[in-house]
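Subject: Structure handover and notes

Hello,

Please find the structure below, for you to take over. My notes on it follow.

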Amino acid sequence: VCGLFFALGSVSSKKLVVFTVASENNDGYNRFIDSANLYNIKTKILGLNKPWQGGNMNGVGGGYKLNLYLEALEPYKNNDNIVVLLTDAYDVVLLADSTTVLNKFIEFNSSIVISTENSCWPNGKLADQYPTVDQNGYRFINSGGIIGYASQLYKLLSEKPIKNLADDQLHLTNLYLNTDLREKFNIKLDNYAKLFQNIYLAEDDIKLKLVNKSYVLENINFNTQPAILHGNGLSKMTFNSYTNYIPNKWSPESGCNTCYDNNLDLSTLKEEDYPIVLLSIIVDKPTPFFDEFLDKIENIDYPRSRVFLSITTLVDYHKEQVDKFILKIGDKYNASFVFHKTVEDSIHARHLSFSLCTSKSCDYLFYIENEAHLDNPQTLKILIQLNKKIIAPMLTRPFKAWSNFWGALSSEGFYARSHDYMDIVNYNKTGTWNVPYIGSCYLMKGKILENKYNRPSYKGNNLDYDMAFCKSLRDKGVFMYIDNHHTYGHLIDSESFDITLKNPEVYQIFENRYDWTQRYIHPEYTDNFNPDKKPAEPCPDVFWFPIVTEQFCKEFIEIMENFGQWSDGTNNDTRLRTGYEAVPTRDIHMNQVGLEKHWLEFLRSYVQPLQKKAFIGYAHDPPRSLMNFVVKYNPLGQASLRPHHDSSTYTINIALNSPGKDYQGGGCHFLRYKCKVTDLKIGWMLMHPGRLTHYHEGLEVINGTRYIMISFIDP
Ligand code: UGA
């Protein structure tokens with residue numbers, strides 16, 4: 001009778017009131033409130049800033065919520081026009097306005113509607129007592145979402161007391177399974193997610209759909225558009241991912257709608273008013289291109305008077321570079337601290353920077369590991385302006401899908417690829433994304449470190465420090481964000497970095513191509529391809545291109561001299577299959593220093609494109625070369641090379657040092673053309689045909705040592 005009576009009411013005569021419980025004003029709470037505000041739905045928060053008395057929510061508990069609800073319903077106990085929605089806060093968002101919610105509720109023809117899920121929790125034995133449900137509807141109660149007339153809810157919850165620590169879901173289940181009560185209150189379950197969608201064990205049922213240029217949530221099993229979304233139980237990370245898009249968070253048309261809502265503005269601040277930042281650099285493994293890493297640290301655009309610098313060096317390999325860096329820039333910052341620790345201390349070292357941050361009353365801790373290259377000097381400022389508790393700039397390994405965040409979490413807590421991971425990594429979707437894992441570099445507010453006993457921690461059961469850290473943030477309900485509105489930088493791949501080699505970066509052409517190119521390819525290299533630019537041609541069909549940097553030349557010579565086993569310049573050469581060299585030089589072959597495959601890649605990537613420009617119509621893919629070697633000319637050993645042909649289609653000859661400065665004399669003489677190239681430029685490459693027309697000799701070095709890199713291509 002009651003049900004009939006209430007169902008007859010029209011929406012216009014009803015009013016929706018929302019009650020939720022939140023003991024803490026945390027990220028989840030704020031997300032809930034934002035969604036309510038979006039739909040102009042007024043919400044009454046119960047238990048805010050009071051100790052949570054509902055027990056540990058990883059197991060049974062939550063009776064406290066029902067007691068708070070009962071207390072809050074008391075003033076409405078005789079009101080039949082008020083419809084009350086009781087909902088969890090931390091893992092819930094509203095997806096519709098009051099009218100929609102009321103309409104959906106009224107369609108149930110019921111006094112109380114309870115949300116459902118696929119698992120009968122916490123007491124699975126009660127499953128059989130539930131009515132069966134057609135079409136695979138969700139059969140079991142979830143206590144995170146209840147809606148009903150105020151008077152009826154009050155009466156239902158008054159039926160039986162519940163202890164704060166007892167389980168609210170079990171309590172509600174027992175009330176519902178009591179058929180007398182079920183009928184008395186005309187309780188119905190929302191088996192088809194008309195109002196409530198609980199995500200756990202229903203992940204495959206839901207989908208985002210674009211409607212009028214923005215996303216709505218659709219249950220594709222039941223063709224419904226739920227009005228309340230709940231990341232119950234173990235579905236919190238999936239839920240977080242959905243809430244990057246809904247309600248009204250992100251759309252293909254407008255991008256991120258709320259990312260800039262609460263941003264800080266640093267542009268109007270005077271230097272002395274800038275937030276205080278502890279810049280905590282953790283050097284925890286030998287990593288290539290570390291000098292460049294430090295340069296980028298130095299380039300961070302932020303008032304240095306507001307920065308405390310902490311560098312923790314956990315590996316000896318980089319100690320000298322760090323010392324030099326400190327010497328160079330240390331006193332420009334507020335203060336500097338350098339620790340040299342052993343690896344066992346790496347977790348402790350990280351925690352130390354928390355204490356350091358609080359002891360300096362820092363507003364932010366900017367954490368950077370040495371694989372994180374901040375190419376964008378504005379990174380720190382941008383991150384501060386985004387105003388999150390913890391946020392990472394998206395960094396990727398160039399040309400790879402590897403990044404410093406995870407889009408999703410597997411059930412075991414490891415990496416899982418989210419539906420949008422590739423879109424985010426590739427900047428097809430840009431915004432500030434709530435994700436379950438961030439690493440390598442992030443900015444956190446000093447606030448989350450203030451309470452010594454409630455800090456995030458890098459220490460966790462059998463977990464790597466980074467995973468433990470993110471887990472502790474997740475457990476605390478702190479949202480981690482990754483931002484890809486801007487490009488910030490990239491990650492170095494240090495996995496195969498072999499520090500036993502001399503100048504090991506030279507060997508990194510495959511693993512860290514981007515950095516390799518930055519360090520070693522001549523800054524004017526790309527100019528070679530400018531269609532308006534004709535390559536220099538110092539002698540007929542001898543082309544001349546800038547190709548590698550001076551640093552490349554220097555490091556290359558060092559690798560050769562460190563190896564030191566120059567050939568003796570005689571015709572007998574055991575390195576060759578035939579054992580005989582007709583035109584011998586004093587040289588070292590690439591395969592003697594482990595650089596053969598690297599060099600072939602260099603020929604393919606950087607030399608061949610130039611060859612195609614110089615000698616149009618010739619292409620042999622990939623270029624082949626059996627003879628790749630560095631030649632050393634000096635008056636004490638071999639000073640010159642007699643006229644000869646090369647066994648190549650074309651030859652390249654890169655000057656590794658400078659005439660006039662490093663040596664006197666030298667150069668290349670093309671006899672047929674009576675043409676000499678002697679004003680060689682370091683890092684520049686000569687390219688000429690090997691045979692017939694380009695009979696040539698190496699001119700005498702009178703003083704000093706001349707080094708050149710030679711390849712006989714397509715012999
Ligand atoms: C699931 C159900 O969704 C809950 O409705 C139910 O109370 C709980 O199981 C149970 O029966 O134990 P779950 O999603 O795992 O809950 O739990 P939480 O979301 O962590 O907690 C439920 C709600 O209680 C929170 O959303 C929040 O509104 C409130 N809460 C919890 C606090 O206000 N403070 C706390 O410290 C913990």
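A residue is called buried here when its relative accessible area is under 20%, exposed when it is over 50%, and partly exposed in between. The model is a predicted one, so please read the notes as a description of that model.

Backbone first. Ala193 is not a glycine, yet its phi is positive, at about 55°. It sits in the loop that links β7 (187–189) to β8 (196–198). Because its relative accessible area is 0%, and the limit for buried is under 20%, Ala193 is buried.

Ser361 also has a positive phi, near 50°, and is likewise a residue other than glycine. Its loop runs between α11 (346–359) and β17 (364–369). Is Ser361 buried or exposed? Ser361 has a relative accessibility of 52%, and therefore counts as exposed, the cut-off being over 50%.

There are also cis peptide bonds to report. One of them joins Trp121 to Pro122, with omega at about 5°. Pro122 belongs to the loop between β5 (112–117) and β6 (140–149). Another cis bond joins Asp621 to Pro622, and there omega is about -15°. Pro622 is located in the loop between α18 (596–614) and β31 (625–633). I list these backbone features because most residues other than glycine have a negative phi, and most peptide bonds are trans.

Next, a sheet. Three strands form an open sheet in the order β4-β11-β8, and the pairing is mixed. The edge positions are held by β4 and β8; each has a single partner strand, so one side of each has no neighbour in the sheet. On average, neighbouring strands in this sheet are turned by 15° against each other, with direction ignored. The pairing of β4 with β11 (residues 228–230) is antiparallel and is made by three bridges. Within it, Val93 has Leu229 of β11 as its bridge partner.

What does Leu95 contact, apart from its neighbours within four places in sequence? The residues are Tyr39, Leu217, Pro226, Ala227, Leu229, Ile246 and Pro247. The C-alpha atoms of Leu95 and Val216 are 8.0 Å apart, while 121 residues separate the two in sequence.

Last, Ser110. This residue is in the loop between α4 and β5. Ser110 is buried, since its relative accessible area of 2% is under the 20% limit. Which backbone oxygen does the side chain of Ser110 reach at 2.6 Å? That oxygen belongs to Asn186. A polar atom of the Ser110 side chain also lies 3.0 Å from the backbone oxygen of Ile112. With neighbours within four places in sequence left aside, Ser110 is in contact with Phe105, Tyr149, Asn186, Ile187 and Lys188. Asn186 is therefore on both counts a partner of Ser110, because a contact requires heavy atoms within 4.5 Å and the Asn186 oxygen is at 2.6 Å.

Regards

How values were computed. Residues numbered from 1 in each chain as written. Predicted model: local features only at pLDDT ≥ 70, side-chain atom pairs only at ≥ 80, totals over all residues. Heavy atoms only, no water. Helix = DSSP H or I, 4+ residues; strand = E, 2+ residues; numbered from the N terminus. Buried < 20%, exposed > 50% of the residue type's maximum accessible area, 1.4 Å probe, protein only. Polar contact = N/O pair within 3.5 Å; in protein donor to acceptor, adjacent residues only side chain to side chain. Pairing = 2+ DSSP bridges. Axes fitted to C-alpha atoms, helices over the stretch in contact; angles between N-to-C directions.
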